[in-house]
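Reader: Hi, I'd like to talk through a structure with you. Could you show it to me before we start?

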Amino acid sequence: MKKIILAGAIVLFGLSNAQIKTGTVYVSGQVSYSKEENKNINTTIQDFKIIPTAGVFVAKNLAVGTGIGFTNKKEEDSEVYSGGSFTTFVDYTGEKKAVVVAPFVRKYWTLSDNLYIFGQLEIPMEFGKINQDALVTYVDGMYGYIDHQTLSVETKYTSIGINVKPGLDYFLNKNWSIEATIGEFGYKNFKYKEEDAKALNNYNFGLNLSSISFGVKYVFAK
């Protein structure tokens with residue numbers, strides 16, 4: 001029993017000892033790029049994201065800030081349809097671009113002088129558009145007739161959500177730290193800017209160990 005009480009006292013002391021001072025400013029952010037090619041179905045998907053983030057501690061171990069950035073996702077696809085003497089070739093390109101604004105508040109709890117756990121409440125917003133283009137080619141193999149048709153659609157959208165992210169932050173020194181978030185709990189509302197368009201709602205509640213993300217943060221320590 002004494003060992004349990006002593007261990008509890010050590011934990012409580014660690015949670016209340018080291019603190020990040022009010023007025024401390026830090027910068028961080030996300031940069032990612034991925035490319036997926038599937039030659040079996042002639043599909044290529046590229047995904048790029050850059051969201052710089054800045055925060056300031058308004059109280060001990062309590063920070064507020066925002067991320068402002070840009071996302072771009074592009075998909076290219078080629079398909080062939082045959083029927084009788086006719087063959088149809090479809091070359092499709094879809095691109096989704098958006099400006100991202102994500103204000104947040106983050107609360108830290110101290111595990112040691114260098115290691116913290118945190119909980120972050122974030123309100124991510126996207127303002128973007130989706131462009132879809134297709135080149136359709138019709139070929140009549142019997143008479144050698146060829147015809148082309150181009151289709152283009154542009155749709156604007158807005159998205160707003162609310163997320164809670166748990167994580168760990170380890171300070172390598174007074175200026176640099178490595179942080180990791182593990183999954184998220186949240187809600188997102190997605191709506192196209194079209195008349196009579198209905199909103200799409202997505203709920204996500206899970207602590208998924210396969211969705212751990214890492215980042216590097218620079219702290220302007222006082």
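Author: Below we go through strand pairing, salt bridges and a surface patch.

Author: This is a predicted model, where local features need pLDDT of at least 70, side-chain atom pairs count only at pLDDT 80 or more, and totals for chains, interfaces and linings use all residues. Residues are numbered from 1 along each chain as its sequence is written, and side-chain values use heavy atoms, with hydrogens and water left out.

Reader: Great. Which strand is joined to β7, and how do the two run?

Author: Strand β7 (residues 145–171) is joined to strand β8 (residues 176–182) by 5 bridges, and the two run antiparallel. They form a hairpin with 4 residues between them, and Tyr-170 stands opposite Ile-178 in β8. Strands here are DSSP runs (E, at least two residues), numbered from the N terminus, and two strands pair if DSSP finds at least two bridges between them.

Reader: And how many bridges join β8 to β11?

Author: There are 7, and β8 and β11 run antiparallel as well. In this pairing, Trp-176 stands opposite Tyr-218 in β11.

Reader: Tell me about Tyr-218. What does this residue touch?

Author: Leaving out residues up to four places away in sequence, Tyr-218 touches Val-25, Tyr-26, Val-27, Asn-175 and Trp-176. Contact means heavy atoms within 4.5 Å. Tyr-218 lies in strand β11 (residues 212–220), and its C-alpha is 9.0 Å from that of Lys-174, 44 residues away in sequence.

Reader: Why does Tyr-218 count as partly exposed?

Author: Because its relative accessibility is 25%. Buried means under 20% relative accessible area, exposed means over 50%, and partly exposed is in between (1.4 Å probe, protein chains only).

Reader: Switching topic: how many salt bridges does the structure hold?

Author: It holds 6. A salt bridge is a side-chain nitrogen of Lys or Arg within 4 Å of a carboxyl oxygen of Asp or Glu.

Reader: Which residue does Lys-217 meet in a salt bridge?

Author: Lys-217 meets Asp-169, at 2.3 Å from N to O. The pair links distant parts of the chain, with Lys-217 in strand β11 and Asp-169 in strand β7, 48 residues apart. Salt bridges that share partners join Arg-106, Asp-169, Glu-179 and Lys-217 into one network.

Reader: Are Lys-217 and Asp-169 buried or exposed?

Author: Both Lys-217 and Asp-169 are buried.

Reader: What about Lys-165, which residue does that one meet?

Author: Lys-165 meets Glu-122 in a salt bridge, 3.6 Å from N to O. Lys-165 lies in strand β7 and Glu-122 in strand β5 (residues 115–122), so the pair ties together parts that are 43 residues apart in sequence. Lys-165 counts as buried because its relative accessibility is 14%, and Glu-122 is buried too, at 9%.

Reader: And which residue forms a salt bridge with Glu-76?

Author: That is Lys-74, with the closest N and O atoms 4.0 Å apart. Glu-76 is partly exposed at 35% relative accessible area, and Lys-74 is partly exposed at 28%.

Reader: Last one: which residues form the nonpolar patch on the surface?

Author: Val-31, Tyr-33, Phe-48, Ile-50, Phe-70, Val-99 and Phe-127 form it, with about 640 Å² of accessible area together. The elements giving two or more residues to the patch are β1 (25–38) and β2 (43–59). Patches are made of residues with over 30% relative accessible area and no salt bridge: like charges are joined within 9 Å, and nonpolar side chains (Val, Leu, Ile, Met, Phe, Trp, Tyr) within 5 Å. Accessible areas come from the Shrake-Rupley method with a 1.4 Å probe, and for residues only the protein chains shown count as cover.
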